[in-house]
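Good morning, and thank you for making time for this presentation. I would ask everyone to keep the structure in view while I speak.

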Amino acid sequence: MDLSYYPGCTLKTRALNFEDSAIAAMAVLGVNLIELPRWNCCGTVYSMTDDDLAHHIAPVRNLVRIAEQGSDRVVTLCSFCYNTLKRADLLMRNSPEKRNTINTFMDDEIDYDGQVEVVHLLEVLRDDVGWEAVARKVKTSLEGLKVAPYYGCTLTRPQEIAIDSVESPTVLQGLMQAVGTTVLDFPLATECCGSFEIVSDPDAVIERAYTILGMAQRKGADAIVVSCPLCAHNLGHKQAEIAGKYSDFTGMPIVYFTQLLALAVGVNPEVCRFDLNFGGVEALLRDRGLIPQRV
Amino acid sequence: MARQERIGVFVCHCGNNIAGTVDIERVVEELSHYPGVVHVEDYMYMCSDPGQELMRKAIQEKALTGIVNANCSPTLHQRTFRRVAEAEGLNPYCVEIANIREQCSWPHADDKETATRKAIAIIKATVEKLRFNMALTPTVTPLTKRVLVIGAGIAGIQAALDIANGGYGVVLVEQDIGIGGHVMQLAGTFPSLEQPDSLIASRLAEVASHPLVKLYTYAEVEEVSGYVGNFDVKIRQKAGYINRGRCNACGMCLEKCPVLVSSEYDCGLSQRKAIRLPSPAALTFHPVIDVEHCLHFNGSQCQACCEVCPEGAIDFSEEDTFVEERIGVVVAAPGYDLLPVGQPEAYPEDPDIIDGLKFERILSATGPTNGEIRRPSDGKVPREVVFISCVGSRDPEHGVPYCSRVCCMYVAKQALLYRQAVPEGQAYIFYMDIRSDAKGFEEFVQDVMDEGGILYLRGEVSRMFRDGDKIKVWGVDTLIGRNIEISADLVVLARAMVPRPTTRELTRKLNIASDAHGFLTEAHIKLRPVESLTSGIYLAGTAQWPRDLPDTIASAEAAASKVLSLFSREELLHEPTIAWVDEEICSGCEQCVANCTYKAIEVDKRSNVARVNEAICEGCGSCAAICPSNAVQLKNSTPRQFFEIIDVAAG
Amino acid sequence: MEVIKKVLVIGGGVAGIQAALDIADGGYQVILVEKTPSVGGHMAQYAEVFPTLDCPQCILTPKMVDVGQHSNITLLTYAELQKVSGEVGNFTVEILQKARKVNHKKCTGCGTCWQKCPEKVPSEYDAGIADRAAIYIPFAQAVPAKPVIDTEHCRYIKHLEFVEGETEGKRPPQCRICERLCPAEAIDWEQEAQTITEQVGAIVVATGFDLMPIKRLPEYAEDPDVIDGIQFERMLSPGGPNAGVVRRPSDGKIPGEVVFVSCAGSRDPEHGVPHCSRVCCMYLAKQAMLYKHAVHDSQAHIFYIDTRTTGKGYEEFLQRTMTEGTVYLRGKVSRIYRDGDKLKVMGVDTLSGKQVEVSADLVVLGMAMLPSVGAKDMAARLGIATDEQGFFTESHIKIDPLESTRPGIYLAGTAQGPKDIPDSVAQGSGAASKVLGLFARSEMTPEGLTVG
Amino acid sequence: MRLEISLGRLRNEFVAKITELSGQDINLCYQCGKCSAGCPMSFIMDLLPNQVIRSVQLGLAEDITSSRTPWLCASCLVCTVRCPKGIDIASVMEAVRQIALRRSEDFIDPAGLERDTVAELPPIALVCGFRKLTG
């Protein structure tokens, strides 16, 4: 199966580990993620003011790109991209007036009126591939690894675009169980990490991160599984500082769900780029014998 | 006195309630050797069907002449066990309850030994009492199937109609000149926003013309004597100074009367004459002259009404008359008033600071402004209106401690009606908690909030004062934590609902209880909400507690149901455990007479001994307690029995 | 046409009991139908009732015994109304008497069977915090105090119904312990459900309420220590499974800190129901008070939006609860989740403007009151209207609160809308008055009723 | 200072603008506080989310524009999905930010950010932050 794939900014820079592992793992599962030949920034955040149409142009343009090449479906990895594209699509479907204005504004582009279905890779795994198929492809079971699933905000909120239950999503649990990990009940799975406040108020984000990381540690997690590069950063990047401030915190590996999937289905660990992860992922996996010892 | 010599004792475990604390086995063992006791048995739940079956069997097999049931309080299952005994041919008054739960196992839950010894003592003491019990038969009194309903507000009207439609006669007494009560003053109902007076118009008409309802308006209950089934009521028909037989209700007198008085119906917003009719919406009755204001009664020679009356119906010499009615039961529905102005004192008197009822009149299509919203001081249309909830309510220091229940809803309704009438206006509602707790209420309040131009402010108002054209209102918004000042054109105070001042007097006449606030007290707040503690007197409507229209109607219907149930019998049975006078000893000192709350005892003038009216006596025992010579005794609770009890209990 | 002076009362909770007693005392025949094996309804589950803190069993049991013994009342428990035809004055009703598999004429209620039955099922009466047997009386004071066999769980019935290859699992054993031990030989495996047809002149509907299931509010964790108000009543009840010792379900620990959440599902048109459930403010205040009395050095917190204490003595009760140290926090709770031994309750106090987090041992949710399960079906069978939630609609909300939309069918209690015990009792009596009034009129004419 | 509330204040342009930009009916709010109860960022807010909504209801333009709360809102939408009255509180916050941004009042100054800090951040953080906190 071929699927149009929209990468977004961070997948091409900081989150190479996310993108590379995803493409490789999906290939093993028989899904080819084909990057859009042309794309632009999704806008990262969905503009919520009623009169602001300008900011919807960016995501809609991407949707136009997809429609142009004859696809009716696009998959994203980054949760933010998913959220922005999906909500822009919804706006175009549900508000004829705004749709008109936006289409008119984009002179030479083809008109967009909801031809494309925006999905997140987790949905593809759950609905197109299925957990049983994933499990069948597992070469290295990740048994013994205890993970805390972490969704963040943008996959399940708002309700209209949620890929799963808003309050108790289970899709990560399904996937992680399929690859053999023990999935912990993680009450803070949909709590916000502080998001873009990292730019203006990094101290606040440190507090948020500590709340979430600390809970995972108390629950006995070996790692937190994420699906968003911003979450990965906010939870991972300042761990040393957190440990300095809160002595009970000892570090928590942050890993993308695609990385564990890739590892389980036999993708070469090198491709997964665990070196880009925060919180000691390499050490953890090495310790469990899931990746080779460094020479 | 007969002595009960074959006594059965039944000990109930009440699950663990008793058995968890009291050593039942030991109790049974102790009692089985006790003199006169021929049968002892224990069971998990004596009140259950199999428990009762045990009693039945034992009564037959052991030919018991008396029974002691050791279990919970007699208020719970005395009736149950007595009924069992009666069915087996044993006089029910030879069954006594030994309360070993409320008075033993519960208070001594942490001391098994004490509880067990106490239980044994209680049961033995009860056995001793039982030995001297007489077999008694209830007194039968005739039942007059006719009802007195006091108050012709919506509660009284509904009760009267339900009873009359059940086929029984009703005497309906209303102190005002018209019927309908406060409902007639209201501008709209919540949450349905209907015109209340037209809503109940058909009920007013029905009750006024019902063949089984005898309606007295402008009348008061003067005196009530007798007892359930047979009350004699004296009704004062107040003098209206107009011969009802002659008056043709033409209304010319009303035109000619030169005296203007502030209208009660319009809460002072309009004026009426000293000769007056009830509210325009009420059914037309004959006018009456208000002696307080009529010039003729205040030293003048004015004869304006007399001169104009074509029928010569004016009769200044008329006096109050009295009517006597015999009835079986009473439904008391005297209604409510609002807390009078000046309580609490912090708010000044100002024509533009008004209470909720007054604002109803301003809103009402039948009101003095025909539904146009104009403030009293200068007739200006108020652009900003402040509503204040809990004025006097929930304020034990300055008003009343309770919640008046309806204010939240009527304030929301008034704000909405105001906005509908003045679309550019702004309403503010100060509140502490929004209490919209009945069907459709929460939804209504949420809709009102969503209506633009109505702002809810969570907080109380501390002060208000006039500042030129405006009234400054100083309050707080506790949600934002800020002091608030509003310059209002009109302020509406949701004053606390209180019982009518005359209700206290009524409780005395009816011999029923009222609480500290003057609301009528029910027999049991949970399970007997419409009965008073005096047999045959039922309660309905807001005189019992603040309530809204449907709850008032439901309570009136419930009171009617009690009456209809009672009237399904041909006669009344009366508890026989009442006072009894030993005429040999009685000296006619009358101390008992003075002490009897129920007026059930009097001294026969000829024989000079006290006589007990068995139909009235409630068996309270206060006569027995005060009698200096023990001539008055309570059947089955004689001093001798108590001495026996004390002997055992102390021993 | 002659009015049949006999009434059907549906529902044996306190409203139905009151209506039945008042009508029976009025001299007319009553058929009281209750779908569970005993009358009593929810009131029988409560620990103590506000504001007087009376023991509800103490005030209710006598009434239950009365309906069981009243010569004018035919009590049909474990039975359900199936069909109604006809009109006011002359309804034909079909009632399904479910099979009890116990011959109540022979049974003495001795209790051997339910003590020895090996099958354990979560007790409805104890709201699932304790078990009952598959042959059972719902609670000790049940009326009638004779058991029924729960055919869904009885091992022998399952054995009989087992079809090799079709039914999942293994064939259960031929248990029949109750039958072997019954001294009265009252177990009757052959007993079948039967339909009873009756003619009545009027119907009183008092089918009561159920609480909204907790799982409808996913932000409040599915956790054994997050319970609803009725479950907490059973914990507080001296007759409850722990004999009134408050122990949390997860580990039996006595909770030192309990959070009570008002408006759980109520006043929430987006996720729950728009209406106010009317009683939660009071029962949560009461539960907090009883809890503090039961557990020394304990702390109770109540989250609320508006305290709604409008009944007689209620405001005073609320003030007493506050004075005794229960902390009232004005705000909704956004989330509850488990953190080790504790439940984290994320709330707010809008009055101090502070976000609040409480680490609780137990959380009690004042779940919204809904019409009893099946109310809409019942309405369809009766041909009466309901609102969106399924509460029965009165013919006029202000002035005819007890009459349904169909003549001759009257409403009482919480089936009409959330209300407390006194209001339910008053409505039960009020509905009785409507029936007594109807029966006092002897004839129906085409124009309506004439006074007889 | 006593806060004077009047018809004029309640119906000021600011309130109208918020309503217009957010598309939300502020009157629906009955101040249950669930938004604040769940807000992940409220620990550093000077006004809780429910107080921001309250301030809109009261027309307190200055209180809102001088508050840091709208800028600390991370648009996580927990408030929005749990609001019993279906108010999209996050959109109200966005509207407040937009009003300031359109007046050219940025919350952060990208030029003033330390180079090292910027270098550390992934593009997604920067773009999000700039989109939300600058005009």
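Let me begin with a definition: two strands are said to pair if DSSP finds at least two bridges between them. With that in mind, please note that the model before us is predicted. Now consider strand β22 of chain B, residues 461-467, which runs antiparallel to β23(B) and is joined to β23(B) by six bridges. One position to look at here is M464(B), which stands opposite V473(B) in β23(B).

Which residue of β24(B) is the bridge partner of W474(B)? That partner is E485(B). A hairpin is formed here as well, with four residues between β23(B) and β24(B). The turn contains G481(B), whose phi is positive, at about 75 degrees.

Let us stay with β23(B), residues 470-477, and ask which of its residues lie on the covered face. They are I471(B), V473(B), G475(B) and D477(B). The uncovered face carries K470(B), K472(B), W474(B) and V476(B). In a regular strand the side chains alternate between the two faces of the sheet.

I now turn to chain B as a whole. Chain B contains 17 helices and 32 strands, and its C-alpha trace spans about 90 × 65 × 40 Å along the principal axes. Of the 651 residues in chain B, 53% are buried. Among the contacts in chain B with a separation of 6 or more, 70% are between residues 24 or more positions apart.

The domain assignment divides chain B into five parts. Domain 1 covers 7-136, domain 2 is made up of 146-238 + 324-335 + 500-567, domain 3 covers 252-308, domain 4 covers 338-496, and domain 5 covers 575-635. Between the C-alpha centres of domain 4 and domain 5 of chain B there are 57 Å.

Next, the contacts between chains. Which of the five pairs of chains in contact shares the most contacts? The answer is chains B and C. In that pair, 61 residues of chain B are in contact with 62 residues of chain C. Six helices of chain B each give two or more residues to this side, among them α2 (49-62), α3 (74-87) and α14 (549-567). The greatest contribution comes from α14(B), with 13 residues. By class, this side of chain B has 26 nonpolar, 20 polar and 15 charged residues.

A further pair is formed by chains D and A, where 36 residues of chain D are in contact with 34 residues of chain A. On chain D, α2 (13-22), α7 (78-82), α8 (89-102) and α10 (123-133) each supply at least two residues to the side that touches chain A. The largest share, ten residues, belongs to α10(D). This side of chain D divides into 24 nonpolar, seven polar and five charged residues. Chains A and B, by contrast, are joined by no contact, and their closest C-alpha atoms lie 20 Å apart.

I close with the confidence in chain C. Its average pLDDT is 92, and 98% of the residues score at least 70. Over residues 446-452 of chain C, however, the pLDDT is below 50, although this stretch has 13 contacts in the model beyond near neighbours in sequence.

Key. Residues are numbered from 1 along each chain as its sequence is written. Chains are lettered from A and ligands numbered from 1 in the order in which they are written. This is a predicted model: local features need pLDDT of at least 70, side-chain atom pairs count only at pLDDT 80 or more; totals for chains, interfaces and linings use all residues. Two residues are in contact if their C-beta atoms, placed from the backbone, lie within 7 Å. Ala, Val, Leu, Ile, Met, Phe, Trp, Tyr, Cys and Pro count as nonpolar, Asp, Glu, Lys and Arg as charged, and the others, Gly among them, as polar. Domain bounds come from an automatic or database domain assignment. A residue is buried if 20 or more other C-beta atoms lie within 10 Å of its own, exposed if 12 or fewer, and partly exposed in between; C-beta atoms are placed from the backbone. pLDDT is the predictor's confidence in each residue, from 0 to 100.
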